[in-house]
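Grab a pencil and work through these exercises with the structure in view. Try each task yourself before you read its solution.

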Amino acid sequence: MLDDFSFKALAFEKQLSLDEIEEKLKKMEDNPGTFNRLGERGARFVPDSWEMPTLYFGNDGLTLEVVTKDLDIGDVEEYLCVLAQVLGCKIWSEHLEYW
């Protein structure tokens, strides 16, 4: 099933600084990408692969938005599980938990 909308804001189990997030994302050898600071808006991670979602991290260190347009929802959920492991904390949505 393809998803044509963005996830609502997801929440981290614990607060992470943008520096911590950036360092941990650099270690994702299977999914390299570009991490950009967006000032007060937080940061964005754009994977090199078009088959992976773009991630927006809030400046608060607790929120995440996943842009899922035209991606398979199962692939996105699998990616969120990998992301939670890389970041070392659970990621929660309204009804689901990724770990």
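Before you start, here is how helix geometry is handled: axes are lines fitted to C-alpha atoms, for helices over the stretch in contact, and angles run from 0 to 180 degrees between N-to-C directions. Helices (H or I, at least four residues) and strands (E, at least two) are DSSP runs, numbered from the N terminus. You're looking at a predicted model, where local features need pLDDT of at least 70 and side-chain atom pairs count only at pLDDT 80 or more, while totals for chains, interfaces and linings use all residues. Residues are numbered from 1 along each chain as its sequence is written, and side-chain values use heavy atoms, with hydrogens and water left out.

**Exercise 1. Work out how helix α1 and helix α2 meet.**

Step 1: Find α1 at residues 18–26 and α2 at residues 73–87; their axes come within 9 Å and cross at roughly 115°.

Step 2: Name the angle. α1 is roughly perpendicular to α2, because angles from 65 to 115 degrees get that label (under 35 is roughly parallel, over 145 roughly antiparallel, the rest oblique).

Step 3: List who touches whom, with contact meaning heavy atoms within 4.5 Å. On α1 you have Ile 21, Lys 24 and Leu 25, and on α2 Leu 83, Val 86 and Leu 87.

**Exercise 2. Track down the aromatic pairs and describe each one.**

Step 1: A pair of aromatic rings is described by the distance of the centres and the angle of the planes. Rings of Phe, Tyr and Trp (its six-membered ring) pair if their centres lie within 6.5 Å; planes under 30 degrees apart count as stacked, over 60 as edge-to-face and the rest as tilted.

Step 2: Count. The whole structure has 2 aromatic pairs.

Step 3: Take Phe 12 and Phe 57. Their ring centres are 6.2 Å apart with planes at 15°, so this pair is stacked. Phe 12 sits in strand β2 (residues 10–12) and Phe 57 in strand β5 (residues 54–57), so the pair ties together parts 45 residues apart in sequence.

Step 4: Take Phe 35 and Phe 57. Here the centres are 6.3 Å apart and the planes at 40°, so the pair is tilted. Phe 35 belongs to strand β3 (residues 33–37) and Phe 57 to β5, so this pair links parts 22 residues apart in sequence.

Step 5: Phe 12, Phe 35 and Phe 57 form one aromatic cluster.

**Exercise 3. Are these residues buried or exposed: Phe 12, Phe 57, Phe 35, Leu 18 and Lys 26?**

Step 1: Recall the cut-offs: buried means under 20% relative accessible area, exposed over 50%, partly exposed in between (1.4 Å probe, protein chains only).

Step 2: Phe 12 is buried at 4%, Phe 57 is buried at 1%, and Phe 35 is buried at 14%.

Step 3: Leu 18 is buried at 11%, whereas Lys 26 is exposed at 58%.

Step 4: See what surrounds Leu 18. Not counting residues up to four places away in sequence, its contacts include Phe 35 and Phe 57.
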